[in-house]
Structure formats: structure tokens, C-alpha cells
Amino acid sequence: MSHHVLYSGKTGETHPLTFRIRDDRQPVWLAEYEAQDGYAALRKALKEMDPAAVQATVKDSNLRGRGGAGFPTGVKWSLIPMGPDAGKKYLVCNADEMEPGTFKDRLLMENLPHQLVEAMILSAYAIQAYRGYIFLRGEYVVAAERLNKAIAEAKAAGYIGKNVLGTGWDFELYVHTGAGRYICGEETALINSLEGRRANPRAKPPFPQIAGAWGKPTIVNNVESLSNVPHIILRGAEWFKGLSQGKSPDGGTKLYGISGRTRRTGVWELPIGTSAREIFEEHGGGMQDGLSLKCWLPGGASTDFLLPEHLDLAMDFDTIMKAGSRMGTGLIMAVDNRQNMVSVVRNLEEFFARESCGWCTPCRDGLPWTVKVLRAIEKGEGKPGDIEFLQKMTRDLWIGKTFCAHAPGAMEPLQSAIKFFRDEFQQGIPSQIPATAVN
Amino acid sequence: MTTGNCGCAGGQNTCGGNKGKDNFVLSDAERHDIEHAMEHYEDPRAASIDALKTVQASRGWVSDGAIDAIAAVLGIPASDVDGVATFYNRIYRKPVGRHVISVCDSIGCFLTGYEDVKSELQKQLGIEYGRTTADGRFTLLPICCLGNCDKGPALMIDDDTHGPVAPADVAKLLEQYK
């Protein structure tokens, strides 16, 4: 059962991303949004700040990309050409939330569509984009309706269109809805999809900041990353850094969440660097009766498993990386003690195999092969050498061997499952059952 | 591009009112929607997915004739439109039932027991994944994570997301879709 815990005394000061969310979960439209400082950041920036100053503030805040990679947003922006000769530029919001276990951007878009719209306008101003697209996964039907309505309201209010708020800057914003395929979340595949092509990734370099949509400089940012921008502009970089309350060198809050067989599931806005234990025990309420925590994925299917002993780690990009995984999207999946890890990994690899775009051979052929071997082991029909084969896959489908990060992402849960639960793989290979596992 | 019944030169379906492959003609509303979507982009090709979704919304699926008609409006080869149509799993190139059930089979729903829900659906509908019931009411498909993991097991029927769904809920849920 889901219980979105609402904070008593939430304010824009402490919970910038979620304080405007209504208890009744009705979307916040323009008048209500403006009554709570909505569009104040945009007005401030367009009146008092030039694009370079907006960029500098976001860079100073050390906001790191919330889509999973943690790349500093301000640094990404600083790579885009500026000045009178820069030509047409695009801002694209990656709202293709499809990383298994992740449901944070849905919350923001369904409840606070204007927050993302304001964020898009303000960020587009910072990079002087003339058009913006919200690349939204097709299944988010409610979010699409609400974002379109918010855009219409913003347009009527003069926040979008010709000569925004009298600055002489023109900006149009569109919702582009997808038609499936996880690979669309990959930045360059997303651009191909936006252009009406198959979502195969593109070679980098050139990076999208130089040659992105229709060959023009393009910035792609995640929903949560962008949603932080108005707050940073309104309250400043120092305030943003302080939000982590010393729990992390990173700044800001983070939408954390948990799913699996925990007592409570949901998503909560907490200081970045909050421990996984606090998320799991305090907010998730621990495992349901009769179950215990076997292991967990910190932030999506493409992150390495961690163990209960890792729960005290701070959930930030660098700490989780040092522990051998990635924070990813920051939405934890709790694996209970009744799960067999071969079955869990088989499910994960079936997902990655099906969602491979087929562009490069290691991914297109290596993932189904991996699934085939896992299915055999799951049925107790594994052959000697299968574990070593799977380990070879984790090297052969690794970064640098494939065109994009899809297959390496698929290898993260596999390599860590073998590392921590090798016994369970051996159980599926009759001649390799360890002596300790035989009565 | 193949020649439609119109028989116009070069096989381009540019003759408007005449019928193409499988007697397909875009309705005025469909054509209007596609042309409207084209205005959002630098290049008409970018409206490919919007166009496919427009046709699918009114007809349930995308036929060969629809591919040709969309290609003609966008001014790109039909093979490109079909390349896009066959890449994206939410575009159906075969007829589907009146309602499409998409069962999330990703890890979040795996951990909360989607397989029991899937089995119950298959039992009640009498079909496997990828099939449509004999009465044309339901098509059953798997889908990747719906972003509804806090309410898993989750599934979509048409545009509605449901969750958590227990096997015991299945009969009542299906009743809502005639």
C-alpha cells in the first residue's frame, strides 16, 4: 500500500520541490501557484539577471543531475555556445521516466505542472533557447494533460511566447509524448526520438550541447534537476547548498523513495545525503511482517545491489559510488529474503534484453544470451562455467565495449548479484553445488 | 512507397481523396491533428510519432495504408514511417482488441508479485501475451516499468493505470472495460 507521507510544516525554505503539493492531490494551477511564489523566480531572473548570471548561480549551487548520472547541471549548461552568433538552441526536458523502480518525476509533473513549466522557461532563458520540449513518456497520460494545460495558462499569462515579460526574448514550449522504449531516456537516443526517428543512441562527441536536436546546440535535463532551478534562483546558491544539512557535499534536497515489500512505499523529499537506513526504516517502515531485507538497489534497475550492511551510507552520488554502486535515481528497491537472486536478476536482464535498441552487437546479442543462461540456472539446468560466462559478459558488455550505457547498466545488478550471492547461482548448476549447501 | 488504388504517378499518395492500400484514407480530423503536430517542430519528420498516435487513437492500430498516408503528409518515405512504427512498442501494426491491457513486468512489480496477476489475467481471458480474445475485447501485452512502483503490481488498461492489483481484483477490473 502506498502512503505518501506529507510533512507538517513543509515550506519552500525546507522542501522546495514538494511544499506546494496539495493534500488532496489536485494539481496546482496558475493562480494558486503564483500565490505561493510561483513564477517569482522567472520574474526575478528576467528583470534582474542576464543569462550568464542565471547560469553562474546554478553552477555555484552545485546542483547535480537528478536523472541518475549526477553530472553538474551548471557545468552542462556552460558547454553550450552563447552570444549573438550561437543560433537556434533547444532545451529538452527528459521526462521519459522509465528506469524501473522510479516514480518521482511523475509526482512532480502530475501535482505541480507549473513548477516544471517555470523551470523550463527559466532554464531556457539561461541558455537562450528559442524552443523547449518536454519529452514525456507516452504512458504518463495524466501528466501530459496537466502539462499542456499549464503551458496554455503560462502562455496566456505572457510567460511563454513572443517577447517574454518584455525582455525581447521569444520562447515556445511543447510537450512531446513518446510511444514506449526505455532507450528513449538515453540523452542522444531521446534526441533521435524527438526528431521522429528510431531511438538509437548517437555517437559522442559531438555532445548535444554542440550538436543536438536538428544539429543545433541542445541541453537535456531531467525533470527533478530542472524543477530545482527556480528555487535556486529565488533563494540563492548558498541556501541550496545548505539544504543537505551537512549530510553530503552535494547541495539540495532529493526525491527519495522506496518500493518492494516494505510496510510503506512512496516518495519523499529529504536532504540529499540522507542515509538509506532512514529512507528504508523511518519512511518505508522496514519490511512487511515476516520478511527481512536481503539486498537493495539504490536507484533503479541499472544500479548495483547493496546489502543491509550498507544501509547507513549517505544516499549521494559519491558515497554510493564508493560503495560499488550508483545512487541512480535515488528510489530504492528493497529485495526481501524470500526472493531468489537468480530469478531477480533474470527478471532484470529480461527487461534490458527486451529494451535494447539493437544498434550495437554486444548489447543486442549479449543481453538475450545472458537471459538464456540465467533461465537455465534458474531452472537448475546450468552448466559448469556458466557463472564465469556471466562474469565475462559483465566485462564484455562494459563501458567502452558498447555504443551507450544501456548494456553496462544491465551488467551492474548482474555483477553485484554474483559478487554477493554466488551460492544461489551455484545452486542452479548441479555439478557446482557447494559442499556447504548439501546436507 | 507502393502504388495505391489511386494509381497516381510515382506511387505517391498525393491525390487526396482517393483510397490507398487497404482502402485507407486519413479523416479530416486526423489530417488536421498531424498538420498541427508538424508545426511544433523544425522538420515534419519529427511529427512521425504524433501522427502514428493520432491514427492509432481513432482506429486502434496502424495499417499499411496508414503508413503510406502518414508518409505522404509528412513528405518522407513510407519505409521511414514504418521503421519508426515498428520500433516503438506502443504503436500497434496489427489489429488489437477494444481494450489493451499492459502488464508491468519490471523488477518493482516482480518483487510485489505481478506474475500471479498475469497468470490470473491469462486464465480469465484464455490468451497468452501478444494475443487478442476471440470476441475482440482485450489484447494482453507486457510493458516495462510504469512508474507506479509504489502501487505495484501495476498495469494499464488503455490509458488508465491501476495498482496495486491482486489476482482477486482481476474479474472486477475487467468488468469496467466492455
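Let me start with a term: a salt bridge here is a side-chain nitrogen of Lys or Arg within 4 Å of a carboxyl oxygen of Asp or Glu. This is a predicted model, in which local features need pLDDT of at least 70 and side-chain atom pairs count only at pLDDT 80 or more, while totals for chains, interfaces and linings use all residues. Residues are numbered from 1 along each chain as its sequence is written, chains are lettered from A and ligands numbered from 1 in the order in which they are written, and side-chain values use heavy atoms, with hydrogens and water left out.

Over all chains, the structure holds 42 salt bridges. One of them joins Glu172(A) to Lys155(A), with N to O at 2.9 Å. This pair links distant parts of the chain, 17 residues apart, since Glu172(A) lies in strand E3 (residues 172-177) of chain A and Lys155(A) in helix H7 (residues 141-156) of chain A; helices (H or I, at least four residues) and strands (E, at least two) are DSSP runs, numbered from the N terminus.

Now to the interface. Chain B gives 43 residues to the contact and chain A gives 57, where contact means heavy atoms within 4.5 Å. The area buried between the two chains is about 4,000 Å², with 55% of it from carbon and sulfur atoms; buried area is the accessible area (1.4 Å probe) that two parts lose on being put together, summed over both. Four salt bridges are counted between chain B and chain A, and Arg346(A) forms a salt bridge with Glu115(B), their closest N and O atoms being 3.9 Å apart.

Finally, a helix pair in chain B. Helix H3 (residues 64-74) and helix H4 (residues 78-87) of chain B pack at an angle of about 120°, with axes 8 Å apart; axes are lines fitted to C-alpha atoms, for helices over the stretch in contact, and angles run from 0 to 180 degrees between N-to-C directions. H3(B) and H4(B) are therefore oblique to each other, given that angles under 35 degrees count as roughly parallel, over 145 as roughly antiparallel, 65 to 115 as roughly perpendicular and the rest as oblique. On the H3(B) side the contact is made by Ile67(B), Asp68(B), Ile70(B) and Ala71(B), and on the H4(B) side by Ala78(B), Val81(B), Asp82(B) and Ala85(B). By class, these residues divide into six nonpolar, no polar and two charged, with Ala, Val, Leu, Ile, Met, Phe, Trp, Tyr, Cys and Pro counted as nonpolar, Asp, Glu, Lys and Arg as charged, and the others, Gly among them, as polar.
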